Amino acid sequence: VVTKLSSKGYTGANTLLATSLCCDELARQLENDLTGIYGNNFNLGGLAGFPFAGNTGFGAMSAHIPDDGYCLIAYGPHVGLAADGTVGKVERSGISLVDTCCGSAFAASNYVKGITDGGAEITTKLQEFTDFQQGAVHELILPHGKRLNEAEDRMVELPFALYDSQDLLMREIVKKGSTGIKSGLALMGGIQINTGPDTLDYFVPLRFDFMNYRGEVTEEMLDTLKEPFDETLSLK
């Protein structure tokens, strides 16, 4: 990533990093790796990694890009991978319970399953302000209900469904706010794979595009992230 962006003119001094990652502390590893290079990040994300800052947040972020500078946006969901190979679970430091990860995604999956299986409780309550982000996550993956039900492993398919919804949202947000792009914007989307405290985390890149100040994709760079590897780690 750094090598490719450096060839575009990105440096630690002229680049603003923005992220849209889950609130979970496990999702900070990728963020920390990138802030170590590009400095403090502008946070666009919320539960499950959805860009809840929306158009207003993107507009504020783009105003903070250095003059004649660049922006890198890293976004996407995360999923746990336990030591025994279970997808959707992970060991956490200081906690004996092998915990669900991503908890927000898991809850949303159960919500969707209740609807597609016909067991959801009928209610007149559409949204609670005290938990509106989770309510939005529920609705944003609802179109993937059939896909999740038919998946060989629901927990493996879930982060890919989440990513597709998040990528759609991010594309719309960037399109609407493209006038704020200065020298260029790089979008790096994918899925974080979180493992236990004593093992490495991973990132599966699914999109790496460079956009000009008009919001047009001028180069698709995803292949440059895969070239050094014979195989790319994947849940599927």
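Where is the place of Q134? Q134 sits in helix α5, and helices here (H or I, at least four residues), like strands (E, at least two), are DSSP runs numbered from the N terminus. This is a predicted model, in which local features need pLDDT of at least 70 and side-chain atom pairs count only at pLDDT 80 or more, while totals for chains, interfaces and linings use all residues. Residues are numbered from 1 along each chain as its sequence is written, and side-chain values use heavy atoms, with hydrogens and water left out.

Start with the whole chain. Its secondary structure comes to eight helices and nine strands. The radius of gyration is 18 Å, close to the 18 Å that the globule rule gives for 236 residues, so the chain is as compact as a globular protein of that length. That radius is taken over C-alpha atoms, and the rule is 2.2 Å times the number of residues to the power 0.38. Along its principal axes, the C-alpha trace spans about 55 × 40 × 35 Å.

Of the 236 residues, 48% count as buried; buried means under 20% relative accessible area, exposed means over 50%, and partly exposed is in between (1.4 Å probe, protein chains only). The chain exposes about 12,000 Å², with carbon and sulfur atoms supplying 53% of it. Those areas come from the Shrake-Rupley method with a 1.4 Å probe, and for residues only the protein chains shown count as cover. Among contacts (heavy atoms within 4.5 Å) between residues at least 6 apart in sequence, 65% join residues at least 24 apart. As for charge, there are 18 positive and 31 negative side chains, and the centres of the two sets lie 6 Å apart. Lys and Arg count as positive and Asp and Glu as negative, with His and the chain ends not counted; the place of a charge is NZ of Lys, CZ of Arg, CG of Asp or CD of Glu.

Now for helix α4, residues 103-116. The buried residues of α4 are S104, A105, A108, S109, V112 and G114. What do they pack against? Their partners are α5 (132-141), α6 (145-150) and α7 (154-176). An α-helix has 3.6 residues a turn, so residues three or four places apart point the same way.

Back to Q134, which at 8% relative accessibility counts as buried. Leaving aside neighbours within four places in sequence, Q134 is in contact with L47, S104, A107 and A108. Q134 and A108 are 26 residues apart in sequence, yet 7.5 Å apart in space, C-alpha to C-alpha. Over in helix α7 is V156, which counts as buried at 11% relative accessibility. V156 and M188 are 32 residues apart in sequence and 21 Å apart in space, C-alpha to C-alpha.

T100 belongs to strand β6 (residues 95-100) and, at 17% relative accessibility, counts as buried. Apart from neighbours within four places in sequence, T100 touches G88, K89, R92 and F106. The peptide bond from C101 to C102 is cis, with omega near 15°, and C102 lies in the loop between β6 and α4. Just after α4, G118 takes a positive phi of about 85°.

A48 is found in the loop between β2 (41-43) and α3 (54-63), whereas D68 is in the loop between α3 and β3 (70-75). Are they buried or exposed? A48 is buried, with a relative accessible area of 0%, while D68 is exposed, at 67%.

Finally, S6 is found in helix α1 (residues 2-8). At 39% relative accessibility, S6 counts as partly exposed. S6 and G103 are 97 residues apart in sequence and 36 Å apart in space, C-alpha to C-alpha.
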